[in-house]
Amino acid sequence: MSEYIGAIDQGTTSTRFMVFDHDGNEVARHQLEHEQIMPRAGWVEHNPAEIWERTRTVIKTVLTSSKLSAADLAAVGITNQRETTIVWDRRTGRPYCNAIVWQDTRTDRIAADLERAGHADCIRHKTGLPPATYFSGGKLKWILDNIPGVRADAERGDALFGTPDTWLLWNLTGGINGGVHVTDPTNASRTMLMDLETLDWDDELLALFGVPRAMLPTIAPSSNPQAYGHTNPDGPFKGAVPLTGILGDQQAATVGQVCFRPGEAKNTYGTGNFLLLNTGSDIVRSQHGLLTTVAYQFGDDKPIYALEGSIAVTGSAVQWLRDQLGIIAGATQSEMLAGQVHDTGGVVFVPAFSGLFAPYWRSDARGIIIGLSRYSTNAHIARATLEAIGYQTRDVVQAMEADSGVKLDTLRVDGGITANELCMQLQSDILGVPVSRPVVRETTALGAAYAAGLAVGFWSDPDELATNWHEDKRWEPTWSEAQREKGYGRWKKAVARTLDWVELDD
């Protein structure tokens, strides 16, 4: 048997390729950023051709630098930014337009019209999602309605839709020369087009959005023993490797954190924050502003579901300090700057750049920094940015506890921001529970590797994967309950002031 598993992690700001051994240890990686295209306020786009080029490059670089070949890989998995929407021509392989990123809010009128027309309850019941700009169904409708020629091509089956997993899989398996058009239930469950119970595209929902079924990918298990296909020997792997795992990024992190039992939860800190609670084979429909989503489906087993709290802006708020405000030169400096002060001096930052996601779902909200005085400095703003990450997570945890009846006793965390130890300490203080970081922090890529490896017998079962998880560091809360509640009360007042800012006609 080949010694390693490969994982393509196509994220919001970058693409990486990683190789893992049987113990879940990282063997090699390479990562490249891609351009964030913002043609107007509220619009966020990516160039799909650039993403595919970056993917080819990171794969080639890893294989060359580590002296590995396709024969050394038992399988490859893919994980991806989930709701980002790509439509391309199957005849030429060219996208009709830039990808519309999950953060994009141009579809606010589409979401509002669905709500006003009384379709919200149907969408929530079938998909576990509210009508919102976040999800890909509205983005796909926007492309069909606004990009010339797409709808006619879609009706003929020549225009293909996919999230980045599907786009990469199609290209890796041959593209215009027989590329496979497939996704998995975790990504399909983020479209507002798939029924959670049947794990299939729903005709009533397709009619609501005006989406031709012919343009949609086949839905196959997240860990697929039959393989979706094999890499094209003429592609970056220079050989045929089975592609056997697909997971949306947050579900991949759930698998990477081995949250396989109902009640286990993880929080991933990336561009945004995403807290998932495993609810087993039961579909738990949220009454407190959370999403019901597919956590994973391994082979022919029943799908496992999760409650999810999605937060749009956390790590990207730190990027904003760097790129837009210029008060730090790199993301790592946010900890040093914020550490210069003992508190925020009354400053609260609500980074509602793309509206507010869970548990509010308010696309009319916009970011606010409030509580400024002559005393305020860059350090106070930096610390308020880190506290905002913690407070947004607390909003979601409280909703999750109300929906599930399960009290969180420890929060497992992963993602880039977990390297910021001050941020993790603040997270523990704001929640009042311990925060635990694993040895392998890139659990998103690891989860994709696990899904691919389970499919080919590289790992025998999920129980074997649990032995790979080891704690690296734990933070315990230090704030008093009074301090915790005072800070959260100030946060809720600030959130209230972000609402009703954007009119849909704007």
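Predicted model: local features only at pLDDT ≥ 70, side-chain atom pairs only at ≥ 80, totals over all residues.

**Annotated residues and a set of paired strands**

Let me start with threonine 271, which counts as buried because its relative accessibility is 16%, where buried means under 20% relative accessible area, exposed over 50% and partly exposed in between, computed with a 1.4 Å probe on protein chains only. Residues are numbered from 1 along each chain as its sequence is written, and side-chain values use heavy atoms, with hydrogens and water left out.

Threonine 271 is found in the loop that joins strand 15 (265-269) to strand 16 (273-280); helices (H or I, at least four residues) and strands (E, at least two) are DSSP runs, numbered from the N terminus. Leaving aside neighbours within four places in sequence, threonine 271 is in contact with several residues, including Thr12, Trp102 and Gly315, contact meaning heavy atoms within 4.5 Å.

Which positions does UniProt mark as "binding site"? The unreviewed entry places that feature at Thr12, Arg16, Thr271, Gly315, Gly416 and Asn420, given in the numbering used here, with feature names shortened, and such annotations may be inferred rather than shown by experiment.

Not counting residues up to four places away in sequence, arginine 16 touches, among others, Asp9, Arg29, His30 and Glu442.

Turning to the strands, how do strand 15 and strand 21 pair? They pair in the parallel sense over three bridges, pairing being assigned if DSSP finds at least two bridges between two strands, and asparagine 267 has valine 413, in strand 21, as its bridge partner. Strand 21 (residues 411-414) is also joined by two bridges to strand 22 (residues 435-438), again in parallel, with serine 436 of strand 22 as the bridge partner of arginine 412. From strand 21 the chain crosses through helix 13 (residues 421-431) to strand 22 in a right-handed β-α-β crossover, meaning that, with the strands pointing away from the viewer, the path from the first strand over the helix to the second runs clockwise.

Finally, threonine 107, in the loop between strand 7 (99-100) and helix 2 (108-116), is buried, with a relative accessible area of 1%, and has Thr133, Gly138, Lys139 and Trp142 as contacts beyond four places in sequence.
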